[in-house]
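Subject: Structure handover

Hello,

Please find the structure below, with notes on what was found in it. Keep it open while you read.

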Amino acid sequence: MILNAEDFQAARARWTEAFEAGRLEEASLLVDEALAWAEANDEALLRDRALCNRAAIALGLGRGGAHVAALRELLVRSSDPENCYLASYTIACNYELQKENRKGLFYAHLARDHAASLDENRQAASLNAIANFLVAESRFEEAIATYEAALELLPDRHSIRAAVIGYNLGYCRVLTARGREGLAALYTSLRFLMHRGAEGHTMKASLDLAFALLETAHARRAARHATRALVLAERLADTDAKKNALYSLGAAAIATGDRVGARRQQGRHHLRVAA
C-alpha cells in the first residue's frame, strides 16, 4: 500500500525491476496503484512520473499507442526534466515499434536534450535510442559511434542497460563485417542478461545473436538461440518476437539443408501471422 512519497519511490523501484525482468503485468499493477495514490493526493510531479512509466509498460504490452497523446500533452505543460525525458523517450520507443523513423529520431534527440541535466544512465539510454534509429536508416557507422558513446557514459558497465547497448552494438558490428568482435559483444551481453534473469532483454539479445549467426554462416548455433528466443517470446506473449524467432528457425533450417524443418517453421510462422 502506498501512503506517502517514500512508498511511491519504493513502488517505483519494484515496478522498474519487474519491467526489466519482463514481468510487465506485475509492473503495470504497481504503477497503477502509484498513479491512483498520486492523483488522490494531488502530487502532480509524481502523477506525471507514473503516467510516463505506465505508458512505457503499456508499450511493452502492445498498448503504448493509446498513451502517446497524453505524453505529448505532458511535454507541453511540464518543466520537469525527468518527466520530459521519460515522455519523449517513451514516444521515441513507440515510433521505433511503428517503424516511423523520422518521428522517432526527433523524439530520441529530444530525450537526449532533456537528459543533459540528468544522470549518465538516462543520457546513455537516449543515445542508445538515437543509434537504434540510425541502424533502421542503415547509417551503421554513425550508429556504432553513438552506441560506443553511450557505453562510455555509463558509470556501471555491469548493468542491464550496458548489456542492452552492448548487444545492439554487437549486432551492428556484425552488419559492418566485424563479425568476431560483434559476436563477442553479443555473447557477453546475453550471458549477463541470462544471469540477471532479465527475460525480455534475454529474448531480444537471443534474437539478435541468432540473426548475427545467420549472417556469419553459423546456422546450427543460430537455431539454438532462436529456439530460446521463441520460448521466451511465447512466455512473454510477444507476437513480433515470435514471428522473428520462427523466421530465424526457418532460415537456419534452410541453411542446414533441413527442408522438413524449414517447412515446419514456415507453417508455424503463417499460423502465428494469421492468429
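The chain has 14 helices and zero strands; helices (H or I, at least four residues) and strands (E, at least two) are DSSP runs, numbered from the N terminus. This is a predicted model, in which local features need pLDDT of at least 70 and side-chain atom pairs count only at pLDDT 80 or more, while totals for chains, interfaces and linings use all residues. Residues are numbered from 1 along each chain as its sequence is written, and side-chain values use heavy atoms, leaving out hydrogens and water.

Overall shape: the C-alpha trace spans about 65 × 40 × 35 Å along its principal axes. Of the 275 residues, 48% count as buried (under 20% relative accessible area, with a 1.4 Å probe and protein chains only). Among contacts (heavy atoms within 4.5 Å) with a separation of 6 or more, 56% are between residues 24 or more positions apart.

On the α7 side the contact is made by N121, A124, A125, N128, N132 and V135; α9 contributes R161, V164, I165, N168 and C172.

Regards

Key: Buried means under 20% relative accessible area, exposed over 50%, partly exposed in between (1.4 Å probe, protein chains only).
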